[in-house]
Amino acid sequence: MKLSKKYIGALLISGMVFSTSCNSWNNTAKGGAIGAGSGAALGGIIGKKSGNTAEGAILGAAIGGVTGAAIGRYMDKQKEDIEKDLGNSADVQRVGEGILVTFESGILFGFDSDDLNAEVKHELDNFSETLREYSETDLVIQGYTDSVGSEDYNLDLSKERAQSVQNYLSGLGIETGRMMVEGLGESNPVASNDTPEGREKNRRVEIAIFANDELKQKAETGEI
């Protein structure tokens, strides 16, 4: 179907208005607005445009509407519990209809290592308890590095670190079928690699948490 220039222009304008106004909304309202505008299709478009990122995975899984608002409330509660679990060990944010947890690699691992630091395991133990409580969510665990060293080496290290997090959570009873692991090396930097501070921020593990099909169904039928 060929769209007219007038129709395409209207879509672009409405998209800009939606993006601008969302900045001042709470997370539950954002989830509902995505569905009210154009449903899961918009969530998928946002996810793709966000690239191969944890945030993109969350946005790509969005449903929106009343269902999205219900999932948003569920995630609000889960975020509060995760913040208590992890304390200052991670940054926890609500994104769309999900949660984005970001660990600096220096907190999780020693230099050039994929062995988890003993100091952070207590927080991960608590984190796993919350993940078991909110069992109707799936996770994408992504590892990143800075740009120092070869690209291939960084890619392998980032995958090994993400895998270590998955293995530890799996050992605490989190089903492996709920988790997907990706190593993305030095791609998708969140800061400049030209400074020590920027490189530290780029060395990270991100965990996307979003609704699985069972939770979506419960939200649609009003069970949550």
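1. In this predicted model, the contact between helices α4 and α9 brings T67, A70, I71, Y74 and M75 of α4 against L215, K216, A219 and E220 of α9. Sorted by class, the residues of this contact are six nonpolar, one polar and two charged. The axes of α4 (residues 65–86) and α9 (residues 213–220) come within 8 Å and cross at roughly 115 degrees, and the crossing of α4 past α9 is right-handed.

2. The second largest pocket has a volume of about 240 Å³, and its lining is made up of 14 residues, with F111, D112, L157, R161 and R203 lying nearest the centre. By class, the lining of this pocket comprises five nonpolar, five polar and four charged residues.

3. As to where that lining comes from, α5 (105–108) and α7 (151–171) each contribute at least two residues to the second largest pocket, and α7 provides the largest share, namely four residues.

4. E186 sits in the loop that runs between β4 (179–183) and α8 (196–202).

5. Leaving aside residues up to four places away in sequence, E186 touches T145, D146, S147, G149, S150, E151 and N154.

How values were computed. Residues numbered from 1 in each chain as written. Predicted model: local features only at pLDDT ≥ 70, side-chain atom pairs only at ≥ 80, totals over all residues. Heavy atoms only, no water. 1 Å grid on protein atoms, 1.4 Å probe; cavity = no way out; pocket = protein on both sides within 12 Å on 5 of 7 lines; lining within 4 Å. Points joined across faces, edges and corners; volume = space filled by probe spheres on them. Nonpolar A, V, L, I, M, F, W, Y, C, P; charged D, E, K, R; others polar. Axes fitted to C-alpha atoms, helices over the stretch in contact; angles between N-to-C directions. Left-handed = near helix turned anticlockwise from the far one by under 90°. Contact = heavy atoms within 4.5 Å.
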